[in-house]
Amino acid sequence: MHHIYCPYCEEAREEEEYSYTGEAHIERPKDPAAITDEAWGDYLFFRSNPRGIHHEMWYHASGCRRYFNVTRNTQSYEIHETYKMGKLPTITAKTIAADTLVAQQGDAS
Amino acid sequence: MKKYSGFSLFKHSLSHHENWQAAWRSPQPKKQYDVIIVGGGGHGLATAYYLAKVHGITNVAVLEKGYLGGGNTARNTTIVRSNYLWDEASKLYDHSLDLWKDLSQDLNYNVMFSQRGVLNLGHNLQDMRDIERRVNANRLNGIDGVVLNTAEVKEIVPVINDSQDIRYPVLGASWQATGGVARHDAVAWGFARGADSFGVDLIQQCEVTDIITEDGAVVGVQTTQGFIGSKKVACVTAGNSGVMAAMVGLRLPIESRPLQALVSEPVKPIIDTVVMSNAVHAYVSQSDKGDLVIGAGTDSYNGYGQRGSFHIVEHTLSAICELFPMFSRVRMNRAWGGVVDTCPDACPIISKTNIKGLYFNCGWGTGGFKATPGSGHVFAHTLAHDEAHPFAAPFSLDRFNTGHLIDEHGAAGVAH
């Protein structure tokens with residue numbers, strides 16, 4: 001079971017207090033009528049579904065009832081950070097890869 | 001391939017069963033194939049078998065990163081049924097059920113298909129209305145089904161709790177007598193042995209690390225055993241379909257989640273059918289060994305760990321114990337998880353892509369096992385003709401852009 005830190009309540013609570021609500025940072029097209037069926041379908045249904053670092057939204061259903069973002073590893077289930085809506089992640093697949101590279105080079109020297 | 005028979009069993013007993021032919025070869029990969037199938041589970045092996053048998057395409061490789069049938073084929077609860085609501089889905093799953101009936105003879109391999117019937121319980125008025133609607137739709141599509149009341153359910157499953165004073169009372173059920181269970185490993189092994197006998201190369205411990213394309217067309221795959229060329233690559237990788245798609249920069253309308261199941265200690269015969277309940281999300285049958293085979297729900301979030309959350313198991317078992325109070329004293333032996341590829345409309349994707357020669361058969365979500373032969377049969381047609389089989393056509397990837405979804409999610413006996 002995950003213990004998830006809610007950035008609004010500022011407390012780590014059990015997973016069952018939350019609902020998972022899907023991939024984060026997917027922006028709703030500003031003018032749906034103006035875009036193609038392909039673009040609309042992509043927005044509604046197509047997801048990146050990575051094995052590894054995933055940015056996703058959770059809803060604190062039994063707490064503050066607010067949405068926030070979580071950066072989580074879908075393979076190891078490690079939660080790297082949680083952050084408020086509207087913010088961008090500070091930890092991404094790229095930054096982790098860069099950190100690993102630095103660590104390896106450190107070992108080598 | 002040496003045929004299995006009662007006589008061969010007797011003959012080999014004379015040499016203490018030490019001289020059986022291996023069920024399939026373990027070949028080295030060739031440089032080039034006509035078709036490469038990525039994923040050696042039930043669906044991938046069935047695809048290879050029907051490609052060879054029906055379409056005469058035998059220069060085929062099945063690449064499996066682990067061992068044959070070691071993923072979701074080994075992890076499901078082995079239920080077979082075809083009582084889906086919509087015409088498109090019922091055609092596909094009933095096609096599969098037809099193939100199940102003769103599969104053991106066809107493969108010369110006992111897949112232990114047992115048509116012991118499937119009950120889908122209703123717990124409230126709306127459940128019962130949905131069941132009536134679905135059974136009527138099934139019968140119009142030539143799929144057997146009847147609506148049962150509480151007493152009739154009790155007659156089929158005497159151990160069920162028919163009290164009307166529980167949280168989710170059993171008000172009735174749909175009953176598909178032609179549904180049942182099959183031996184999951186045998187299905188993978190039977191298809192593997194059959195495909196191998198036509199000359200298909202089954203290559204295990206061979207993980208595909210990249211799909212190589214040139215000018216928008218597939219030319220082969222990079223694997224842990226080197227480059228293997230082919231103008232047609234078919235991905236049948238269930239939970240890992242998103243990972244395969246990302247290799248060529250595609251996104252799929254799929255989210256991968258862990259689905260759990262568990263078995264009890266073996267007990268004497270107590271349930272001779274399959275009982276499913278969508279509302280409380282629990283289903284149970286009894287294996288030939290005597291274990292109660294119990295299926296739970298998926299985790300709510302994406303995950304590639306082949307294990308599920310404990311509170312999901314707790315939820316399922318509380319429902320099982322309410323339906324079958326006597327099971328509260330049965331001890332559970334093992335629990336496990338598999339990574340399922342869930343689609344927004346709970347229907348599969350059997351489709352070409354916008355990359356020439358790249359095909360996907362995925363999105364079966366929590367209910368792929370029952371479709372194993374049918375899925376392989378129609379997908380082989382799609383691969384051989386570069387055009388969808390009529391039963392597969394509605395399940396193309398572009399339905400998510402045209403809007404022609406086949407919404408089995410709220411409609412069918414959802415707990416696959």
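Reader: Let's start with helix α9 of chain B. Which residues of α9(B) are buried?

Author: Happy to begin there. Buried means under 20% relative accessible area, exposed over 50%, and partly exposed in between, with a 1.4 Å probe and protein chains only. In α9(B), the buried residues are H311(B), I312(B), V313(B), T316(B), A319(B), I320(B) and L323(B). Keep in mind that this is a predicted model, where local features need pLDDT of at least 70, side-chain atom pairs count only at pLDDT 80 or more, and totals for chains, interfaces and linings use all residues. Residues are numbered from 1 along each chain as its sequence is written, chains are lettered from A and ligands numbered from 1 in the order in which they are written, and side-chain values use heavy atoms, leaving out hydrogens and water.

Reader: What do the buried residues of α9(B) pack against?

Author: Contact means heavy atoms within 4.5 Å. Helices (H or I, at least four residues) and strands (E, at least two) are DSSP runs, numbered from the N terminus. The buried residues of α9(B) pack against β5 (118–122), β14 (255–264), β15 (274–277), β16 (282–286) and β17 (292–298) of chain B.

Reader: How far apart are the end C-alpha atoms of helix α9 of chain B?

Author: The expected span of a helix is 1.5 Å times one less than its number of residues. For the 14 residues of α9(B), 310–323, that gives 20 Å, and the end C-alpha atoms are 20 Å apart, which agrees.

Reader: Now the two chains together. How many residues does the contact take from chain A and from chain B?

Author: Chain A gives 24 residues and chain B gives 27 residues. Buried area is the accessible area (1.4 Å probe) that two parts lose on being put together, summed over both. Between chain A and chain B that area is about 2,300 Å², with carbon and sulfur atoms giving 49%. On the chain A side, F46(A), N49(A) and R51(A) lose the most area to chain B, together 31% of what that side buries.

Reader: How many salt bridges does the rule find across the interface of chain A and chain B?

Author: The general idea is friendly enough: side chains of opposite charge can pair when their charged atoms come close. The rule asks for a side-chain nitrogen of Lys or Arg within 4 Å of a carboxyl oxygen of Asp or Glu. Across this interface there is one salt bridge, and it joins the side chains of E23(A) and R251(B) at 4.0 Å, N to O.

Reader: Which part of chain A gives the most to the side that touches chain B?

Author: That is α1(A), with five residues.

Reader: How many salt bridges are there over all chains?

Author: The search of the whole structure finds 15. One of them pairs E265(B) with R331(B), the closest N and O atoms being 3.1 Å apart. This pair links distant parts of the chain, 66 residues apart: E265(B) lies in the loop between β14 and β15 of chain B, and R331(B) in the loop between α9 and β18 (332–342) of chain B.

Reader: Is E265(B) buried or exposed?

Author: E265(B) is buried, at 19% relative accessible area, whereas R331(B) is exposed, at 59%.

Reader: Where is H25(A) placed?

Author: H25(A) sits in the loop between β3 and α1 of chain A. Its phi is near 60 degrees, a positive value in a residue other than glycine. H25(A) is partly exposed, with a relative accessible area of 42%.
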